[in-house]
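Please read them with the structure open.

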Amino acid sequence: MNEQLAHTKLNRAIQQLGAGQPAQARATLQPVLKAYPDSPQLHLLMGLALVKLVQNDGALRHFGQAIALEPRMAEAYVNRGIVLKNRGRLDEAQADLDRAIALRPDLAEAHYNRGNVRLARQQLSAAREDFANAVRLNPHYADALANLGELLTRSGAFADALPLLQRAVALQPDRAESHDSLGNALSGLIRHEEAIAAYQTALKLKPRQPDVLAHLANALAECERYDEAAQCFDTLLQAQPRHAQGLNAKSHMLAAQGRHDEARQLLEQALEINPDFALAEFNLALLLLRQGDYAAGWRHYEARHHDPATRRTCALREFTQAEWQGEDLTGKTLVLHQEQGLGDTIQMLRYLPLLAERGARLILLVSPPLTELAASLGTAVEIITTVDVLPPFDLHCPLMSLPLHLATTLDSIPAAQGYLAADAERQGQWAQRLGPHRKPRIGLVWSGSRHHSNDRRRSLPLGVLNELLSLDAEFHSLQRDYRESADEIAAQGIQDHAADLHSLADTAALIAQLDVVISVDTSVAHLAGALGKPCWLLLPALPDFRWGLAHSDSPWYASMTLFRQGADQQWPPVIDALRSHAEAWLNRQPD
């Protein structure tokens, strides 16, 4: 065969491969390869044809021959690495891809495929770096954009993932997995309606995917489109009744509807199928605690350590020292470290005096806004901020594990009467700012962080409080951030103190000058309760676990009264009940 004919056939084989005709490409290449057995390019092309024909042994031989003939052919290493990865031979695959990158650092496909190997090895940070390099080298590399976006979504970097996934679906609109990942990023950003559209597109491209059905059902439930969510769950669980993730997701919807016993059964079923399903165990813990079963609830609550997303959300820290499990603390130095939100930390500070009584030297590791407040405990404790260097210590314990290790039940919660104190000097400054105390003073918090996962249910539009704000009292905002304009707040007669609330110690001192606090479920409510200040707490139909399900009082804070939404999940009846309670309270105040 002359060279001109060989070249013609080679080009034809390339066209056939591009057209999805690997059998024809193989037939075209065979006589050329017989005539020119020392051509590395022909071996590479034959290997590619055999991969498409799922003849991987032959493909490996031809890629190997190409490398033997031309040891610097990076593309051969890449393609052999892909086959080795798909066969589970990850060490060999990574070695090939490392070699390809050493030969061709600008080869985006090499970085992308090494990222896939590292992903299979659970080397997530390294995989993310590889995908990022692939995107840097080729900004239109849809698969790399999708994988990088997926990894960022898994790590909670939803805002960073979103533009990558939007580009991925624009470049490759028929890839169902990219639409699913886009939906997950949107859900993480609490943009559930947009997420629903992304999941629906994924299901049009690949119908009845179990995980996508679960994601769609979750998003529908978050939007309180319960009938549609139930249909998704039914479709999923009829096809795969042992789909543990689907059972877990459906349990969340049932709990939101107040069907707690049914939700518990589904979680127990999910854990029977997969005893290592940490997220389901954590959700079971929340349900049990909400129902008042503290013995089992706190035990299962430790599952937050084992689910990566929950661990990240809780901001759990890692140390080389052992975690305290309730053993003798005499002569030991124990680091107690903040996790989750400011309110969680305030709630758990009550345990420090009990630990000091056990003979421990205590170090409290908290974020800077909490340091002054924590110092008011009056317990011998060294307070370190999260930006400081820790001194030597023996043991550590995340604060939310203290109820378990101290065997807390509903009847043994310590310091419910209050355990923090506002700074006297700051109180004096606030007394001067507020002036004469002519009317009852009511503190207000009607909305929390919009980034909170349950914010849509827990926060209120200011207008919902109109009936309450007509009462003959002074209203003082305890918020630092608003969704309304300053003019809207002033028009309601609310005094805005945001410019003077630099820390929780400032907020505590202002609360001390008030008569009562009305709050949605935020850290300010915990602060009022920990100060022993009367607090009227407004709760959504599915409250956080610590508030239980039925009572109007709280075992955590004796000064707190709870006002709950009904099954209709509406706020006006709650505000009506609160106004009646406030009117009766005002009538009891001295003139």
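1. Which residues is His62 in contact with, leaving aside its neighbours within four places in sequence? The contacts of His62 are Leu33, His43, Met46, Gly47 and Leu50. His62 sits in helix H4, residues 56–69. His62 counts as buried, at 18% relative accessibility. Keep in mind throughout that this is a predicted model.

2. Overall picture. The protein has 591 residues, and 52% of them count as buried. Its secondary structure comes to 30 helices and 11 strands. The C-alpha trace spans about 110 × 55 × 45 Å along its principal axes. Take the contacts in the protein with a separation of 6 or more: residues 24 or more positions apart account for 60% of them.

3. Helix pair H13 and H15. Two packed helices are described by the angle between their axes and the distance between the axes. Here the axes of H13 (residues 210–222) and H15 (residues 244–256) come within 9 Å. They cross at roughly 5°. Angles under 35 degrees count as roughly parallel, and H13 and H15 are therefore roughly parallel to each other. On the H13 side, the contact is made by Asp211, Ala214, Asn218, Ala221 and Glu222. H15 contributes Gln245, Gly246, Ala249, His252 and Met253. By class, the contact of H13 with H15 has four nonpolar, four polar and two charged residues.

4. Side chains of opposite charge can pair when their charged atoms come close. The count for this model comes to 36 salt bridges. One of them joins Asp234 and Lys250, at 3.9 Å from N to O. The cut-off is 4 Å. Asp234 lies in helix H14 (residues 226–239) and Lys250 in helix H15, so the pair ties together parts that are 16 residues apart in sequence. Asp234 is partly exposed, with a relative accessible area of 35%.

5. Glu372 forms a salt bridge with Arg426, and their closest N and O atoms are 2.7 Å apart. Glu372 belongs to helix H22 (residues 371–375) and Arg426 to helix H24 (residues 424–434), so this pair ties together parts 54 residues apart in sequence. The two partners fall into separate accessibility classes. Glu372 is partly exposed, with a relative accessible area of 42%. Arg426 counts as buried, at 18% relative accessibility.

6. Arg579 pairs with Glu583 in a salt bridge, with the closest N and O atoms 3.0 Å apart. Both residues lie in helix H30 (residues 572–587), four residues apart, about one turn of the helix. An α-helix has 3.6 residues a turn, so residues three or four places apart point the same way. Arg579 is partly exposed, with a relative accessible area of 21%. Glu583 is also partly exposed, with a relative accessible area of 32%. Elsewhere, salt bridges that share partners join Asp98, Arg114, Arg118 and Asp130 into one network.

7. Is helix H28 largely enclosed or largely open? Eight of the nine residues of H28 are buried, so H28 is largely enclosed by the rest of the structure. The buried residues are Leu504, Ala505, Asp506, Thr507, Ala508, Ala509, Leu510 and Ile511. They pack against helix H20 (342–348), H22, H24, strand E7 (474–477), E9 and helix H29 (523–530).

8. Gln513 lies in the loop between helix H28 (504–512) and strand E9 (516–520). At 16% relative accessibility, Gln513 counts as buried. Not counting residues up to four places away in sequence, Gln513 touches Gln427, Trp430, Ala431, Leu434, His437 and Arg441.

9. Cysteines. How many disulfides does a search of the whole structure find? The search finds zero. Cys314 is in no disulfide, and the nearest cysteine sulfur, that of Cys397, is 13 Å away. Cys314 is buried, with a relative accessible area of 3%. Cys397 is likewise in no disulfide, with the sulfur of Cys314 as its nearest cysteine sulfur. Cys397 counts as buried, at 0% relative accessibility.

Note on methods:
Residues are numbered from 1 along each chain as its sequence is written. This is a predicted model: local features need pLDDT of at least 70, side-chain atom pairs count only at pLDDT 80 or more; totals for chains, interfaces and linings use all residues. Side-chain values use heavy atoms; hydrogens and water are left out. Axes are lines fitted to C-alpha atoms, for helices over the stretch in contact, and angles run from 0 to 180 degrees between N-to-C directions. Helices (H or I, at least four residues) and strands (E, at least two) are DSSP runs, numbered from the N terminus. Angles under 35 degrees count as roughly parallel, over 145 as roughly antiparallel, 65 to 115 as roughly perpendicular and the rest as oblique. Contact means heavy atoms within 4.5 Å. Ala, Val, Leu, Ile, Met, Phe, Trp, Tyr, Cys and Pro count as nonpolar, Asp, Glu, Lys and Arg as charged, and the others, Gly among them, as polar. A salt bridge is a side-chain nitrogen of Lys or Arg within 4 Å of a carboxyl oxygen of Asp or Glu. Buried means under 20% relative accessible area, exposed over 50%, partly exposed in between (1.4 Å probe, protein chains only). A disulfide is a pair of cysteine sulfur atoms within 2.5 Å.
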